[in-house]
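Let's take a walk through this model together, one neighbourhood at a time. Have the structure open and follow along.

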Amino acid sequence: MESNFIGDDYGPLFHYQYRLIVIGDSTVGKSSLLRYFTEGKMAEISDPTVGVDFYARMIELRPGYRVKLQLWDTAGQEKFRSITKSYYRNSVGVLAIYDITNRESFEHVENWVKEAAQNLGGPSPGKCVFQLVGTKCDMEAQRQVNYEEGEYFAKYHKMKFIETSSRSGDNVNEAFHMIAQEIQNRVDSGELRPVDGWEGLKTGIMRSQSVCLSEGSFPTGDNQGACGC
Amino acid sequence: MFRKLGSSGSLWKPKNPHSLEYLKYLQGVLTKNEKVTENNKKILVEALRAIAEILIWGDQNDASVFDFFLERQMLTHFLKIMEQGITQLNVQLLQTLNILFENIRHETSLYFLLSNNHVNSIISHKFDLQNDEIMAYYISFLKTLSFKLNPATIHFFFNETTEEFPLLVEVLKLYNWNESMVRIAVRNILLNIVRVDDDSMTIFVIRHIKEYLSELIDSLVALSVEMDTFVRSAENVLANRERLRGKVDDLIDLIHYIGELLEVEAVAETLSVFVTTRYLSPLLLSSLSPRRDNHSLLLTPVSALFFFSQFLLVVRHHETIHTFLSSFLFDNQKTLMTHWIRHEQNFCLEPITMASPVGELGDQNCVFFDNLLEAFDTCQLDDSRAFYGLMLIYSMFQNKADVGELLSAANFPVLHRESGSTVIPSNEQSSLAQQNLARLRSLSTSSQGKRTRAMTEIGVEATEEDEIFHDVPEERNLEDLIDDPFVADNNAYQDPDETGRSRFQSAADELPPSESTTTSSACDSRLFDALSCIIQGVGADENKIRPITLELACLVIRQILMTVDDEKVHTNLTKLCSEIRQKLLATIGQYVNGENLFLEWFEDEYAEFEVNHVNFDIIGYEMLLPPAATPLSGLVLHKRLASGFEERLRTQIVFYLHIRKLERDLTGEGDTELPVRVFNSGQEPVAVGDCINLHNSDLLSCTVVPQQPCSIGKPGDRLARFLVTDRLQLILVEPDSRKAGWAIVRFVGLLQDTTINGDSADSKVLHVVVEGQPSRLKKRHPVLTAKLIFDDHIRCMAAKQRLTKGRQTARGLKLQAICSALGVPRIDPSRMSASPRMNPFRIVKGCAPGSVRKTVSTTSSGTSSGASGAPGGGGRPGFYSSNLRSASRGPSGAGIGIPEDPSHGTSSGAPRRN
């Protein structure tokens, strides 16, 4: 059931924890993308997300340097707008998703990005990382949004861009690596830093010290799933 | 320190229960024990309990705790446990969820818990609801959830595309549960649901809730009928009153709930129709009109009036009240299309067959309103109906549904322009009477001064504005002056019996330009006649009116008079009051001089009279049972009939006081004579803490031994004090160590309320009991019960004599004052043969001897001559100035106390004026 790899609870865990929020119109494939990323396989067709969902996965940015990604999956339906709004504040990165076979979903990205920008929190909300993701890139035949359009939009808004497929798995891991790396860069340069009371960005070192006091690892059933990389 | 737990062999329990580690440990317990067995049940229950605790702690202290809960998807563990259907675990699970939803403060955490239909699957899970424990936690879980409903969160619960709303659907299944806690929770939950402002949800809700609303009103019918049956058969004793109280509380709770639902736009219309067609019309209105069908289920008029007024006091939904009141005020019996029939155990609503004899009566307009007025006709024999009729009229004034225009169309006096100020919550009713009174007075002395002036000669000059304002009413009055009082005194309207309906309509159309709404309201004179019946009734011999009824009647009359500017009404009412007051006085007057305890009775009843008893929370239900006529019923006198001579006299006194007050209010006079005050030589009475100059006073040294705890000490204390008396007071002082001849007052009581007894065993001892005066807040009660030990027998005798005589004189003075207030001659059978001794002293209120600032003006000879004119005035202690005392001594003749050297008075008076 729960197969995403979070990391050995009691080892030296991770260096940072980033909390990301995934937004975009209903049915663009936010949940599928996240499930592929955390479960490593294509997900069944699912009901629309009701409210929010939560995922987490560890990734290795460079050998021995791990970060934990906490991912809020949000409902794209308009009626949940006021609910999802409250999740921006504690996010350090925003994945704005559209469906390349659905022009409208691309056109709405601008609004999504705007809403996110207005509601981000932390010590320097302006430095939080945005990334544009076009999904369903395996369905070339139904494509309504050209790669270049996405690229142009992303450039214009100073964000990275990638197209993915949650069916084939193309670029799924890359998409998350990309945003994680960008956050890491900004952390390294000092543009982003963890502060008390903000859940967007946290260091993992402190935690590992206190946790190490406990007993050694124990098997937690279904918890030893896929490796992060 | 570390303890192994059950099958979770490799799990170690961390010490700190409030930590992330502990949650990790508990998560381990859950994953290790996915399958619930006999062996791990206890561990799992404890784990679920502890998880709630940690999560709440984490919510407030450590965000990583909830992160862990999210990462490990612990909610899915919960669901897996729930599905196994083990009672003990489900009880704990529901409790844990309840705690979570109730206490989680971070909205992101709360939203997560609500997301993805987990909650809906818990709501729709088939719990074993026959198990009381499960039910209790299940329903409170639903209730907790319902408090989280708002336009944003409603989408977690209600899915408009699939038309699913488990919370509503499941709750509706429980509305008729046999336990009242569940039913009450269901009411709350439904109220929380319908209050959510979401269009598509509202449509869904209305479709599903109709049947419930109808059942709700039927349960109100059933409760009303049950209560009515009880009231018919029960004796007025304490146990029955308590049972009744329970029933009334249930009923009023239900009315409140219906009132709250009516405030919710989504259901108001549907519910309003149900209330009107199932309760108000077929049950209440039917019960307030002649019976048409022998099978109809009707309430006693008393119950119907009571429910009616409760409904008006609580419900403020305009349409409902408007429809109901206009039927009540104007319609005839034809408006009743259906009636309730008893059908074995149940009641059914059936159409009234037209074969039933409607007859002439059925065509009569205003039949229900007439029924209300009839309630007052028989008030002398039984005032229950009159009481609830008054309560209904009062409720009509108090109703907050803004139906003023409707009421004035029925010649029912209401304040339009000031509707804001007439809206007074029921808990402020005590201030209402005073407020009304103040307004009544200001009305009668300002713009409506003409009438008042004519009667009281206050002499307020009529301004031009007055002329304009009174122009039309005066004309009307002139024309109507010779009319029979039973005909409406207002020719702008016709006789209500004939064309009530059309009158209402035309009046409603004309309302804005009508003068009657701008200057004052018209009043159906029959209403006044009805109210006059009660006043008339209390004057009748052997009447069975209870004081509370008269009190309420006076309140209602005042309320009406605030808005009615009708000279004739005022005159008639004043005349009536005066007549009845005289009548009551004739009875009371016989006993003023003869009855030893008259003073106490009068004072007690005056204090009682000053209390506002009109509080429908309490009297509303006590009066439903048949009137009690004995103190054994446990009811206070003003809520029951008098038993015996003393109670009858006390009742008469209260009647007298109410009528007297009403009469004075009508004429705009204040009452300067009541409450009775007897002055202590024109100076203020001494108070505890005062410093008084006792130079040349009669002082008796004694030891005071309190027998009961009191302001000066507790039993067993031995306090060295000096006993002093003045004309009215018994005073115990303690010498002031800083200034010779002065003393500090430690206790003051009235001589009139002092009783003294000797001690058969010890001739130096007096037993003294002093009672405090009754007041609005406190009944008569002993303030000092003490043994006074004097130095020797002679001093003890002297004290006894002084106190006894002082008591006699003080009572005489007080009775005299009462007599002059009532206007009856004072005849003292034991005409003062001796005046009390002089016990001169001087008071400096609240000041220490060193810093004497206060001065008392005593040189006015006007005071002395005024006082000396009174028969009892001879006893004035003439300390302040010698000439005052000698002046008072002159006319009052013999028996004045021990002469005193005038030089003392003048010389010791000097330091006061520093």
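Helices (H or I, at least four residues) and strands (E, at least two) are DSSP runs, numbered from the N terminus. Before going further, please keep in mind that this is a predicted model, in which local features need pLDDT of at least 70, side-chain atom pairs count only at pLDDT 80 or more, and totals for chains, interfaces and linings use all residues. Residues are numbered from 1 along each chain as its sequence is written, while chains are lettered from A and ligands numbered from 1 in the order in which they are written.

Now turn to the helices. Helix H2 (residues 41-61) of chain B packs with helix H5 (residues 87-103) of chain B at an angle of about 0 degrees, their axes 9 Å apart. That makes H2(B) roughly parallel to H5(B), a label for angles under 35 degrees, with over 145 being roughly antiparallel, 65 to 115 roughly perpendicular and the rest oblique. Axes are lines fitted to C-alpha atoms, for helices over the stretch in contact, and angles run from 0 to 180 degrees between N-to-C directions. Among the residues that meet are B:Leu44, B:Leu48 and B:Leu55 in H2(B) and B:Leu89, B:Leu93 and B:Ile99 in H5(B); contact requires C-beta atoms, placed from the backbone, within 7 Å.

Another helix pair is formed by helix H15 (residues 301-314) of chain B and helix H19 (residues 384-398) of chain B, whose axes come within 8 Å and cross at roughly 15 degrees. H15(B) and H19(B) are therefore roughly parallel to each other. The contact includes B:Leu305, B:Phe306 and B:Phe308 of H15(B) and B:Tyr388, B:Met391 and B:Leu392 of H19(B).

Finally, the unreviewed UniProt entry lists residues 48-193 of chain B as "domain: FPL". This span is 73% helix and 0% strand, and its end C-alpha atoms lie 29 Å apart. UniProt positions are given in the numbering used here, feature names are shortened, and annotations may be inferred rather than shown by experiment.

Definitions and conventions. Contact = placed C-beta atoms within 7 Å.
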